[in-house]
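Have the sequence and the 3D view ready, and try each task before you look at its solution.

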Amino acid sequence: MMLSIPGILHAQDGGFAGGALHTGFSARGLAMGNAMSAVTSQGIYSFYNPALAASEAQQKQTDLSIASMEFDRYLQTAGVHFQLPPSAGMSFMIIHTGIRDIDGRSVSGYPTGQFDAADLQLRGDFGIRLSEKFYGGIGLKFSMADYHPELEKATSFGIDVGVLLKTESDFNIALSIKDLFAGYNWNSQSLYGLDQAQNTLDEFPTRLTIGTAYEASKWTVSADYEYLISKTELTSQQIILIEGIPTTQKISEDVTSTLSQLRFGSSVDLHERFTLRGGWGLPSLENSDSWNLSTGFSIHLPFDHLKPSIDYAFVKEPYRLSNMHVFSLRLNL
């Protein structure tokens with residue numbers, strides 16, 4: 001018996017390698033539904049497009065964030081951006097996310113105690129202003145997954161590239177390709193003790209993002225369309241006869257999955273000390289019930305030194321199954 005699988009599938013949203021690292025960056029980005037690839041009015045967030053690292057800033061922008069999440073999950077981010085005169089900039093970021101107190105079980109189902117699972121990513125983005133209106137950028141990132149105390153940590157290197165075009169009519173247009181060459185390589189033999197265990201490569205989906213933003217003096221609206229392409233190796237078994245003896249033969253087949261996503265965001269400065277934001281997203285265009293919603297605000301404190309801002313975002317996650325509360329501190333060093 002042989003299992004046949006189509007070569008291209010429409011994927012269900014979620015379940016991709018490195019997916020937790022795509023949750024978002026800072027309360028400002030999450031409050032605007034992560035529709036940030038072409039946005040420059042909220043600060044410099046090259047997490048969404050490495051070309052944004054070329055944006056000009058008078059001081060070093062520093063962002064520290066922490067999220068309160070359901071189901072024992074957590075998200076912590078930190079980032080800093082600084083200029084490289086006369087026409088370039090760099091950003092460095094750390095993303096730490098995971099789940100605490102997972103109930104461990106043996107292969108036979110017996111309790112083995114609780115453990116934590118986590119993803120960590122270190123990234124650096126370099127951007128350059130090729131002209132007053134056209135920016136380009138590249139990002140390098142190192143990711144590490146620690147999912148079980150008896151499973152060796154998996155690591156990955158990936159590349160992001162992006163461009164940003166600023167038009168005369170306050171419109172920005174962005175294009176980025178993210179997670180090129182990234183993937184986790186696993187070997188579960190030490191965990192399950194199976195002689196037939198082998199190395200397995202879980203590739204990160206390649207993400208193509210097209211974004212636009214209109215940035216007026218006091219308000220911004222933005223939209224991102226993202227197309228994910230994920231490749232997976234699936235194996236099946238068939239029984240064949242060799243010299244009259246039934247023999248099991250393993251068959252491997254590469255399957256390509258795709259997923260389309262849509263995100264919208266907005267912000268308005270209601271006062272020089274207060275900014276309001278909102279966002280809406282459809283993580284799977286194939287499933288209209290997957291939508292999520294977000295809102296938030298910033299309080300710009302009246303201190304000349306460091307020009308601090310306190311940012312907050314409330315996020316209803318896809319399918320409205322859980323909520324997030326995200327708190328950020330913005331400093332200008």
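**Exercise 1.** Is Arg-320 buried, partly exposed or exposed?

*Solution.* Start with the cut-offs: buried means under 20% relative accessible area, exposed over 50%, and partly exposed in between (1.4 Å probe, protein chains only). Arg-320 has 25% relative accessibility, so it counts as partly exposed. Next, turn to Asp-289: at 40%, this residue is partly exposed as well.

A word on the model: it is predicted, so local features need pLDDT of at least 70 and side-chain atom pairs count only at pLDDT 80 or more, while totals for chains, interfaces and linings use all residues. Residues are numbered from 1 along each chain as its sequence is written, and side-chain values use heavy atoms, leaving out hydrogens and water.

**Exercise 2.** Find what joins the side chains of Asp-289 and Arg-320.

*Solution.* They meet in a salt bridge (a side-chain nitrogen of Lys or Arg within 4 Å of a carboxyl oxygen of Asp or Glu), with 2.7 Å from N to O. Now locate the partners: Asp-289 sits in the loop between strands S14 (274-282) and S15 (292-300), and Arg-320 in the loop between S16 (309-316) and S17 (323-332), 31 residues apart. Strands are DSSP runs (E, at least two residues), numbered from the N terminus.

**Exercise 3.** Which residue forms a salt bridge with Lys-141?

*Solution.* The partner is Asp-160, with the closest N and O atoms 3.0 Å apart. Lys-141 lies in strand S6 (residues 134-146) and Asp-160 in strand S7 (residues 154-166), so the pair ties together parts 19 residues apart in sequence. Finally, check accessibility: both Lys-141 and Asp-160 are buried.

Terms used
Helices (H or I, at least four residues) and strands (E, at least two) are DSSP runs, numbered from the N terminus.
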